[in-house]
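Please look over the sequence and structure below before reading on.

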Amino acid sequence: MDKRDFLKTSGGALGALFASSLWTSRAGLAPAALARDDAFWDEIRRQYLLTPDYINLENGYFLMQSQPVLDAFVGHVRAINLEASHYMRTRQFDDKRAVAGRIAGLLGCAPEELIITRNTTESLDTIIHAFDWHAGDEAVMAEQDYGAMLDMFRLQARRYGIVNKVVSLPHDPQSDDEIVNLYESQITPKTRLLMVCHLVNITGQILPVAKITAMAHRHNVLVMVDGAHAFAHLDFKIADLGGCDFYGSSLHKWLGTPLGAGMLYVRRDRIHDLWPIFADMSMPDDDIRKLNHTGTHAVWTDLALNEAIDFHAGVGIARKEARMRYLQRYWTDQVRGVPGITLNTPTDPRRSCGIANVGVDKLRPGDLAHTLLERYRIWTVAIDGAGVHGARITPHLFTTTEELDSLVRALKELAA
């Protein structure tokens with residue numbers, strides 16, 4: 001079977017799923033109502049090959065590909081291996097730009113403002129490196145931000161003498177103003193860049209990015225958004241974020257692509273002044289591709305983004321967000337307020353979606369995660385730092401309420 005026939009077969013199977021009577025009969029249902037329809041989501045579950053060894057509630061690190069996406073990915077590997085250098089010299093760059101254009105469509109930006117990277121770390125570290133820093137320049141961030149980016153800011157402090165000002169986010173804020181004012185309290189005339197999470201990876205808290213951006217821009221401070229866990233999880237467009245200057249995300253998380261795929265958005269008028277990590281003198285200063293010099297890399301990963309986008313679009317982002325929000329509230333509502341259990345995720349349902357963090361008071365996070373796996377066969381990840389002490393729980397579209405019932409029972413037993 002050649003590449004064209006293989007992808008036609010794979011795409012046909014995917015199309016049949018989204019054209020089935022189960023899907024068409026639910027076409028008029030609101031996402032919030034559909035989120036509770038287990039028969040509908042069981043059909044999605046059947047698109048994944050799941051291990052019987054444990055319940056997987058740690059999908060925030062790397063989401064496995066659905067079988068249609070995985071099959072297409074293998075097909076791309078075989079096809080490119082067949083063509084080898086002929087493909088690399090004739091089509092790889094056009095194909096990469098085409099799929100970048102599709103990601104730009106999901107984000108709602110111009111194709112000229114977005115590149116495909118390997119992950120969020122590469123995307124945002126590219127921006128942190130790209131500034132022409134001078135001693136005394138300031139950057140604002142939170143201790144709950146991802147460690148790789150905090151390390152990159154520390155490196156710039158060592159190299160250039162910049163000053164990093166770090167806030168600590170409350171787990172259960174009472175208003176958007178509480179968060180905005182916290183960041184604003186650290187801004188001075190020397191502040192050049194503010195980094196903010198769209199969705200905090202260790203707690204699941206959604207931050208008011210548009211309001212933070214508006215505040216920062218009033219002070220002439222640029223805003224870089226870490227969207228590792230928001231893109232393809234929350235229903236939004238870049239215009240909803242108040243004109244943020246930079247946005248980075250990983251695509252192997254909530255979009256379900258092969259490992260090694262991320263994206264970086266740079267507002268068009270910010271591209272010119274950025275310095276690339278790796279030089280590419282063939283690109284003009286105002287072309288975002290100057291930041292995307294990768295050398296020879298695994299181009300089949302880029303191609304498989306097409307099938308991941310198709311699968312994601314077939315489900316629909318509004319449906320996806322509603323289901324993830326429902327699953328999180330399904331289990332957190334059962335343990336919130338239970339003696340001995342602490343939730344490190346906001347009470348207000350508008351301030352979180354699929355991710356939440358839970359602690360059992362008499363167990364250290366590492367012991368909690370270990371016990372959940374060894375005694376209850378539930379796979380999670382321990383978070384023990386930045387004021388957060390618990391296990392991060394990240395279900396996905398294939399997670400069932402029965403699996404979450406097992407989690408609830410386990411937590412209540414451990415807390416009793």
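In this predicted model, Arg192 sits over the face of Trp133, at 5.4 Å from the ring centre.

**Phe131 and Phe246**
- Phe131 and Phe246 form an edge-to-face aromatic pair, with 6.2 Å from centre to centre and 70° between the planes.
- The angle of 70° puts the pair in the edge-to-face class because planes over 60 degrees apart count as such.
- Phe131 belongs to the loop between α8 (120–130) and β3 (138–142), while Phe246 is in strand β7 (residues 246–250), so their pairing ties together parts that are 115 residues apart in sequence.
- Both Phe131 and Phe246 are buried.

**Tyr326 and Tyr330**
- Tyr326 and Tyr330 make a tilted aromatic pair, 6.0 Å centre to centre with 55° between the planes.
- The two tyrosines are four residues apart in helix α13 (residues 317–335), so about one helical turn separates Tyr326 from Tyr330.
- An α-helix has 3.6 residues a turn, so residues three or four places apart point the same way.
- Is Tyr326 buried or exposed? Tyr326 is buried, with a relative accessible area of 17%.
- Tyr330 has 22% relative accessibility and therefore counts as partly exposed.

**Ring cluster**
- Tyr48, Phe311 and Phe398 are linked into a cluster by ring pairs.

**Helix α13 and its end**
- Helix α13, which carries Tyr326 and Tyr330, has 19 residues.
- From its first C-alpha to its last, α13 reaches 28 Å, close to the 27 Å expected at 1.5 Å a residue.

**Ile309**
- Ile309 is part of helix α12 (residues 299–315).
- With a relative accessibility of 3%, Ile309 counts as buried.
- Which residues does Ile309 contact, leaving aside its neighbours within four places in sequence? Ile309 is in contact with Val99, Arg102, Ile103, Leu106 and Leu255.
- Ile309 and Ala84 are 225 residues apart in sequence, and their C-alpha atoms are 25 Å apart in space.

Conventions:
Residues numbered from 1 in each chain as written. Predicted model: local features only at pLDDT ≥ 70, side-chain atom pairs only at ≥ 80, totals over all residues. Heavy atoms only, no water. Phe/Tyr/Trp six-rings, centres within 6.5 Å; stacked < 30°, edge-to-face > 60°. Buried < 20%, exposed > 50% of the residue type's maximum accessible area, 1.4 Å probe, protein only. Lys NZ or Arg CZ within 6 Å of the ring centre and 35° of its normal. Contact = heavy atoms within 4.5 Å. Expected span 1.5 Å × (residues − 1).
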